[in-house]
Every structure is written in C-alpha cells, then in structure tokens.
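Hello,

Here is the structure you were waiting for. My notes follow below it.

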Amino acid sequence: MKKLQFKSDINAPAAKVYNTMIGKETFRLWTAVFNPSSDFESGNVEGSWEKGSKILFVGTNKQGKREGMVGFIRENIPGRFVSIEYEGILDGDNEVTSGPAAKEWQGFENYNFETNGGTTTVTVDIDVNDQMLDYFRETYPKALNKLKEICEA
C-alpha cells in the first residue's frame with residue numbers, strides 16, 4: 001500500500017467545493033471519471049457523510065455487475081476536512097471486509113480544504129494498493145479537474 005497525494009486549486013469558496021464534492025448529483029458528475037455509473041449509498045439514507053456512517057461507493061463494471069468500496073466516514077468537518085476509511089469491497093450485493101480481497105483495499109482517503117482569498121486548495125491523501133498506483137496517478141488528477149470545472153461553472 002502506497003500513499004498518494006493530489007492537489008487542485010479551485011476558484012470557489014471551500015463550502016461550495018465541499019458541497020459539490022459530496023452532493024448526490026455533483027458527486028456522480030466528478031467521479032464519473034473513475035466509473036460512469038459512480039454513486040454512493042448509506043443505509044436507509046441516500047448517502048450520509050456524517051461521522052461514523054457507513055458509506056458504499058458503488059458502480060457497475062463492464063459486465064454490468066455491481067461493485068465498489070465499503071467505507072466509513074471517520075471525520076467530517078464541513079468545508080474543512082473529510083476522512084474515509086475503507087474496510088473492503090462490494091462484490092455484487094456482498095460486502096467483503098475480511099480476507100485477501102478486502103485487505104488489498106483497506107486504507108484511508110482524506111480530503112483537506114484550504115481557502116486563500118477566493119481560491120480553495122483541495123488536497124487528497126489516499127492509500128492505494130500496488131496494482132492501482134498507475135491508474136490513480138493518471139485518473140485522480142482528471143477527477144479533480146472535473147470537480148474544479150463543476151465548481152467554477
């Protein structure tokens with residue numbers, strides 16, 4: 001597992017960037033870079049980003065099978081910081097949180113929002129397994145550019 005960091009300067013207030021990042025409709029837009037069917041779910045609520053909440057990041061693969069990540073919101077300070085701890089993967093409707101497949105994906109994804117004047121710097125620190133390093137190095141900057149585009153529109 002390696003730690004990667006990505007940054008983006010967005011010409012918008014931190015509150016707007018934060019709300020765009022986690023808003024149901026806008027989340028789908030910027031994370032479509034990772035998977036066109038990207039979405040999130042949490043219990044009986046359509047995606048709760050409250051501290052302590054379980055959250056599923058879901059999409060379908062090329063064969064149409066549901067897959068994704070099982071995570072928990074470890075911290076959420078609106079407009080300042082979000083921490084997600086991944087405990088495993090979603091395989092169809094099964095949450096796999098133990099064993100080798102889960103272990104490959106366990107780690108953190110943290111978002112920091114810092115405002116300087118009218119610009120917000122979003123810093124993402126993420127734990128990535130060795131097989132996905134190149135993918136994330138290539139794709140995460142594209143996703144942050146999409147978030148920037150949405151926020152600045």
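**Where α1 meets α4**

In α1, Lys16, Val17, Thr20 and Met21 touch Leu147, Ile150 and Cys151 of α4. Contact here means heavy atoms within 4.5 Å. By class, that contact has five nonpolar residues, one polar and one charged. Nonpolar covers Ala, Val, Leu, Ile, Met, Phe, Trp, Tyr, Cys and Pro; charged covers Asp, Glu, Lys and Arg; the others, Gly among them, are polar.

This is a predicted model: local features need pLDDT of at least 70, side-chain atom pairs count only at pLDDT 80 or more, and totals for chains, interfaces and linings use all residues. Residues are numbered from 1 along each chain as its sequence is written, and side-chain values use heavy atoms, with hydrogens and water left out.

Now the geometry. Helix α1 spans residues 14–22 and helix α4 residues 133–152; they pack at an angle of about 120°, with axes 10 Å apart. That makes α1 oblique to α4. Oblique is what remains once angles under 35 degrees (roughly parallel), over 145 (roughly antiparallel) and 65 to 115 (roughly perpendicular) are taken out. Axes are lines fitted to C-alpha atoms, for helices over the stretch in contact, and angles run from 0 to 180 degrees between N-to-C directions.

**The whole protein**

The protein has four helices and eight strands. These are DSSP runs numbered from the N terminus: helices are H or I, at least four residues, and strands are E, at least two. From the N terminus the order is β-α-α-β-β-β-β-β-α-β-β-α. The C-alpha trace spans about 45 × 35 × 25 Å along its principal axes.

Best wishes
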